[in-house]
Amino acid sequence: MRILVIEDNAELTRQIKSTLEHALYVVDVAFDGEEGLFLGETEHYDAVVLDLGLPKLDGIDVMERWRAKGNDVPVLILTSRHTWREKVAGLRAGADDYLAKPFEFEELLARLEALIRRATGHSSPIMQCDCGRVVLDTTSARVTMEGNLVELTALEYRTLEYLMQHDGQVISKTELTEHIYDQDFDRDSNVIEVLINRLRGKICADMIKTRRGLGYQLGEPKSDA
Ligand code: CA
């Protein structure tokens, strides 16, 4: 899962980035509203952490412009003032949740996880596939197969998590690449094939299906989707 953090306080940004990376998210950062707006329009994120008081362009403006263009990425706003007006303005402008500064990083993590779960239609942090043989817990970033811990690299974990969050859907290599690497990574879709094959070797080989020319699919297509 890939997160965009837009926050002008460099120290806070560093702490948020490190917290999220520790939880195996990929993190891009922007230090002002214009850069954040641009990244949100050109890159694909699973969620955005958006400070409201930003140089160049206010957080509310950033969000309103995204929403006006149909960008419905889940947004968690950070409010520095404890007034209810700011929270209400943020929610009305299209934010999905808010957190008032100062906050605990654990709470930020928990709220982001919940936002991403809601956006992808999952109600529990525990996801299962292959009749419950493979279980992924987004809270602890751990994967087990038949109860045994599976050792995965950060990239392998992100790949499996993304496929499980979107189970039943065919995910292209491009989409996968966009959600497991940050903006500075030199992306090469051949790497994805290697990654998927390594993952198949660690879980069950037939769990991730190749849809030739289209991408990869985990689980069965949903009939009502
Ligand atoms: Ca600020």
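This is a predicted model: local features need pLDDT of at least 70, side-chain atom pairs count only at pLDDT 80 or more; totals for chains, interfaces and linings use all residues.
pLDDT is the predictor's confidence in each residue, on a scale from 0 to 100.

**Entry 1: ground rules.** Residues are numbered from 1 along each chain as its sequence is written, and side-chain values use heavy atoms, with hydrogens and water left out.

**Entry 2: confidence.** I checked the scores next. The protein averages a pLDDT of 91, and 96% of the residues reach at least 70. Strand β3 (residues 47–51) comes out highest with a mean of 98, while strand β6 (residues 126–129) is lowest at 87. For the labels, helices (H or I, at least four residues) and strands (E, at least two) are DSSP runs, numbered from the N terminus.

**Entry 3: domains.** How many residues of domain 1 are in contact with domain 2? I find 15 from domain 1 against 15 from domain 2, where contact means heavy atoms within 4.5 Å.

**Entry 4: α1 on α5.** Two packed helices are described by the angle between their axes and the distance between the axes. Here the axes are lines fitted to C-alpha atoms, for helices over the stretch in contact, and angles run from 0 to 180 degrees between N-to-C directions. Helix α1 (residues 10–22) packs on helix α5 (residues 105–120) at about 60°, with the axes 10 Å apart. That makes α1 oblique to α5; the scheme is under 35 degrees roughly parallel, over 145 roughly antiparallel, 65 to 115 roughly perpendicular, and the rest oblique. On the α1 side I listed L12, Q15, I16, T19 and L20, and they meet F105, L108, L109 and L112 in α5. By class, the contact of α1 with α5 has 7 nonpolar, 2 polar and no charged residues.

**Entry 5: α2 on α3.** The axes of helix α2 (residues 33–42) and α3 come within 9 Å and cross at roughly 25°. α2 and α3 are therefore roughly parallel to each other. G33, G36, L37, G40 and E41 of α2 make this contact with V62, R65 and W66 of α3. I sorted the contact of α2 with α3 into 3 nonpolar, 3 polar and 2 charged residues.

**Entry 6: α6 on α7.** Helix α6 (residues 154–165) and helix α7 (residues 173–180) cross at roughly 120°, their axes coming within 10 Å. That makes α6 oblique to α7. The contact pairs L155, R158, T159, Y162 and L163 of α6 with E175, L176, H179 and I180 of α7.

Entry 7: Most residues other than glycine have a negative phi, and most peptide bonds are trans. Which peptide bond is cis? I found the one from K101 to P102, with omega near -5°. P102 sits in the loop between β5 (97–100) and α5. I also flagged K56, not a glycine, for a positive phi of about 70°; K56 is in the loop between β3 and α3 (59–68).

Notes
Ala, Val, Leu, Ile, Met, Phe, Trp, Tyr, Cys and Pro count as nonpolar, Asp, Glu, Lys and Arg as charged, and the others, Gly among them, as polar.
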